[in-house]
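Hi,

Here is the structure I promised to pass on.

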Amino acid sequence: MPVASSQDFAIVTVGVVLAAAYLFRDQIFRASSPKAVAPAPSKLANGHGNPRNFISKMKEGKKRIVIFYGSQTGTAEEYAIRLAKEAKTKFGLTSLVCDPEEYDFENLDQVPEDCCVFFVVATYGEGEPTDNAVQLMQNLEDESFEFSNGAHRLDGLKYVVFALGNRTYEHYNAIGRKVDSLLTNMGATRIGERGEGDDDKSMEEDYLEWKDGMWKAFSEAMGVEEGQGGDTPDFAVTELDSHPSDKVYLGELSARALTRTKGIYDGKNPYPSPVKHSRELFQVGAERNCVHAELDIEGSGITYQHGDHVGVWPSNPDVEVDRMLCVLGLYGKKDAVINIDSLDPALAKVPFPVPTTYATVLRHYIDICAVAGRQMLGVLSKFAPHPEAEAFLKSLNTDKEEYSNIITNGCFKLGEVLQLVAGNDIKVPPTPENTTAWAIPFDIIVSSIPRLQPRFYSISSSPKLYPDAIHLTAVVLKYESIPNRLSQPRFVYGVATNFLLNVRYAAHGDTAPFIAEPASSVPAHASLPRYAIDGPRGAHIEDNIYKIPIHLRRSTFRLPANPKIPVIMVGPGTGVAPFRGFVQERVALARRSLEKNGPNALADWGSITLFYGCRKSNEDFLYKEEWPQYKEELKGKFKMHCAFLSRTAIYVQDLIWEERQSIAQAILEGKAYVYICGDAKAMSKSVEETLARILGEAKGGSAEVEGAAEMKILKERSRLLLDVWS
């Protein structure tokens with residue numbers, strides 16, 4: 001056996017050392033270099049690279065305006081974008097339009113002196129901020145919250161506020177007013193008057209009346225002059241000669257819907273819910289319709305609670321889609337594939353998925369059935385097909401009274417207005433032959449008409465009885481317009497409820513009936529609006545079952561957890577919808593209690609009282625056959641008081657007054673919870689006034705003093721809850 005020499009051993013040793021040095025070279029040489037010390041985070045850091053730092057985005061984009069919007073349904077966002085566009089057109093100033101939940105506010109005090117912050121905020125529910133503005137409000141209200149200056153101060157900050165609300169609600173524009181007050185108290189300076197839009201009358205008119213004075217004050221405070229901007233488009237619309245058909249959006253509301261892949265279902269990705277059952281709730285011969293629909297959510301991952309809301313995503317009716325296609329001269333190429341690019345993404349994002357088609361945009365993505373806005377008519381006047389039409393539109397734009405008398409009273413949609421002023425007959429089905437085409441660029445249509453939004457309805461079921469279905473109760477909206485010099489009275493149809501009615505008719509294989517128009521109109525009969533309810537690519541019908549895109553919105557409208565607490569519910573008409581869910585919730589609990597504890601299990605339960613009203617007991621009494629069953633199951637704990645207007649002019653507030661002794665006792669001694677659902681304009685106010693009167697007298701005083709004090713306590717302790725609309 002050969003023996004290794006010392007020379008061989010040395011060679012091997014050197015080789016091992018060199019190999020080790022090569023393998024561990026990074027560690028060896030890094031150890032000799034000085035260690036880099038990460039800088040400690042600083043409140044004063046400008047946050048470059050931080051996507052939640054709006055100050056850095058303003059500086060990088062050379063924006064002198066940042067606009068934060070608090071929006072629940074999209075309206076505040078629309079006005080935020082309008083303000084940004086006007087700032088650009090008037091003064092040449094670009095804006096950063098921001099969803100506040102996507103940003104941090106520690107550096108709000110760092111807004112440069114030559115810049116301004118706009119707050120366009122809606123009030124939601126019982127004087128609450130919208131979901132996306134909760135954190136913003138917490139930061140502004142919390143006096144211990146420190147900005148980068150180490151204090152809760154915003155000295156030198158310039159701001160503008162436009163508040164959105166509804167005057168029929170008690171907390172009208174509470175959030176906008178609170179933002180204004182908080183900013184002022186922190187040393188900030190408001191530019192112009194605070195704007196307040198009232199959705200009960202005309203948000204649009206309130207905005208138009210406010211903005212001119214605000215822009216004048218803005219010009220002076222910011223040292224800018226009008227005329228420095230220009231009328232530049234927000235979007236570029238391009239027709240695509242070829243594009244894979246399976247990648248073209250034909251009404252799908254999300255990428256997941258297009259690819260038919262599963263995911264979390266929400267407002268950005270609605271769930272196509274099969275309508276497992278639907279029926280008419282009003283009796284045969286009734287003048288109106290009311291749809292009951294049961295929406296299947298089994299396997300969707302969607303869960304709900306009693307009192308929540310369901311958002312329904314409708315499409316626009318066929319006749320209005322055709323009308324707009326004809327008015328825009330696009331009927332012949334309605335299926336042409338188009339792409340839309342934003343020319344300033346910070347100002348205006350493309351509001352719907354692309355690529356798509358002209359017809360799809362008008363059917364699924366923008367709200368062409370809304371009453372045409374006065375400001376919009378002024379923008380479109382320059383594209384009029386002849387001088388008479390241009391002059392007419394300008395008159396409607398500048399004359400508020402003329403606009404109100406014709407457009408508002410007539411409930412005219414944009415397509416109808418453009419037909420009318422061009423001399424076309426809107427009573428006949430629109431075609432390219434009977435409709436004058438306007439040379440309006442499609443990008444202006446996209447910029448001017450808001451996104452088609454979901455309509456929300458109180459869920460009328462309990463998950464305790466129906467875990468795999470959401471029940472919806474909706475009166476179909478149909479009313480007569482006010483006559484004017486251009487039009488006799490005619491029927492106006494709600495978009496979403498008539499969409500639901502179409503689904504109900506189709507599900508039962510029925511044909512929508514012809515209905516009598518007002519006697520003075522021509523033609524003598526007209527059909528209900530028809531919709532493309534089979535959805536994009538027929539995705540909303542499967543095995544003869546139709547599907548409706550929906551998503552859930554959480555609510556605080558909840559029963560007390562303890563069934564021993566009395567409950568008082570006031571819900572005339574479809575205001576009874578959530579209370580059907582409430583009663584079902586108690587029925588489910590009663591079944592379990594009786595099974596577990598025997599026949600006396602409900603003995604110490606509080607009373608469950610429902611005040612309900614409708615026109616005729618034999619025509620529009622909702623769920624008439626169900627209430628006796630619930631009474632039986634709840635062993636006398638459920639009581640129902642009904643007012644029928646056809647018999648006598650008695651309303652729910654009158655029934656409440658008749659039961660004033662038991663109501664006062666339930667509220668003052670039993671700590672009852674009170675719920676009101678329905679019309680905010682008259683019913684809700686009258687009920688609250690009656691309750692104040694009852695409580696005031698029970699306390700030995702008046703409605704104005706003692707009654708008001710008790711009502712305030714109920715609201716502060718969340719024992720009086722409202723789910724109302726106007």
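Before the notes, one cut-off you will need: a residue is called buried when its relative accessible area is under 20%, and exposed when that area is over 50%. Also keep in mind that this is a predicted model.

**Cysteines**

How many disulfides are there? The count comes to zero, taking a disulfide as two cysteine sulfur atoms within 2.5 Å. C290 is in no disulfide, and the nearest cysteine sulfur, in C614, is 11 Å away. C290 counts as buried because its relative accessibility is 0%. For C369, the closest cysteine sulfur belongs to C411, and at 12 Å that is too far for a bond. C369 is buried as well, since its relative accessibility is 15%.

**The antiparallel sheet**

β8 and β12 (residues 337-342) are joined by five bridges. If you want a spot to look at there, T238 has N339 in β12 as its bridge partner.

In the loop between β12 and β13 you will find P355. The peptide bond joining V354 and P355 is cis, with omega at about 0°.

**The parallel sheet**

The next open sheet has five strands, ordered β24-β23-β22-β25-β26, and the pairing is parallel. Which strands stand at its edges? They are β24 (638-644) and β26 (720-725), each with a single partner strand, so one side of each is left without a neighbour in the sheet. Neighbouring strands here are turned by 10° against each other on average, ignoring direction.

Between β23 (residues 608-614) and β24 there are seven bridges, in the parallel sense. Within that pairing, G613 sits opposite A643 in β24.

**Around β5**

Strand β5 (residues 158-165) is mostly covered, with seven of its eight residues buried. It runs parallel to β3 (residues 116-124), and six bridges join the two. V120 has F162 in β5 as its bridge partner. β5 also pairs with β6 (residues 189-190), again in the parallel sense, over two bridges. There, Y159 stands opposite R190 in β6.

**Aromatic rings and charges**

There are 31 aromatic pairs in the structure. One of them is Y358 with F442, an edge-to-face pair at 4.9 Å centre to centre with 85° between the planes. Y358 belongs to helix α10 (residues 358-365) and F442 to helix α15 (residues 442-448), so this pair ties together parts that are 84 residues apart in sequence. Both residues, Y358 and F442, are buried.

Elsewhere, ring pairs link F54, F68, Y103, F105 and F119 into a cluster.

Two charged side chains are also worth a look. K334 lies over the face of Y331, 4.5 Å from the ring centre. R580 does likewise with Y623, at 4.3 Å from the ring centre.

Is Y623 buried or exposed? Y623 is buried, because its relative accessible area is 2%.

R260 also has a positive phi near 55° and is a residue other than glycine. You will find R260 in the loop between α8 (255-259) and β9 (271-280). With 58% relative accessibility, R260 counts as exposed.

**Helix α17**

Last on my list is helix α17 (residues 577-597). Its 21 residues reach 30 Å from the first C-alpha to the last, close to the 30 Å expected at 1.5 Å a residue. Just after α17 comes G598, which takes a positive phi of about 90°.

Cheers

Notes:
Residues are numbered from 1 along each chain as its sequence is written. This is a predicted model: local features need pLDDT of at least 70, side-chain atom pairs count only at pLDDT 80 or more; totals for chains, interfaces and linings use all residues. Side-chain values use heavy atoms; hydrogens and water are left out. Buried means under 20% relative accessible area, exposed over 50%, partly exposed in between (1.4 Å probe, protein chains only). Two strands pair if DSSP finds at least two bridges between them. Helices (H or I, at least four residues) and strands (E, at least two) are DSSP runs, numbered from the N terminus. The expected span of a helix is 1.5 Å times one less than its number of residues. Axes are lines fitted to C-alpha atoms, for helices over the stretch in contact, and angles run from 0 to 180 degrees between N-to-C directions. Rings of Phe, Tyr and Trp (its six-membered ring) pair if their centres lie within 6.5 Å; planes under 30 degrees apart count as stacked, over 60 as edge-to-face and the rest as tilted. A charge sits over a ring if NZ of Lys or CZ of Arg is within 6 Å of the ring centre and within 35 degrees of the ring normal.
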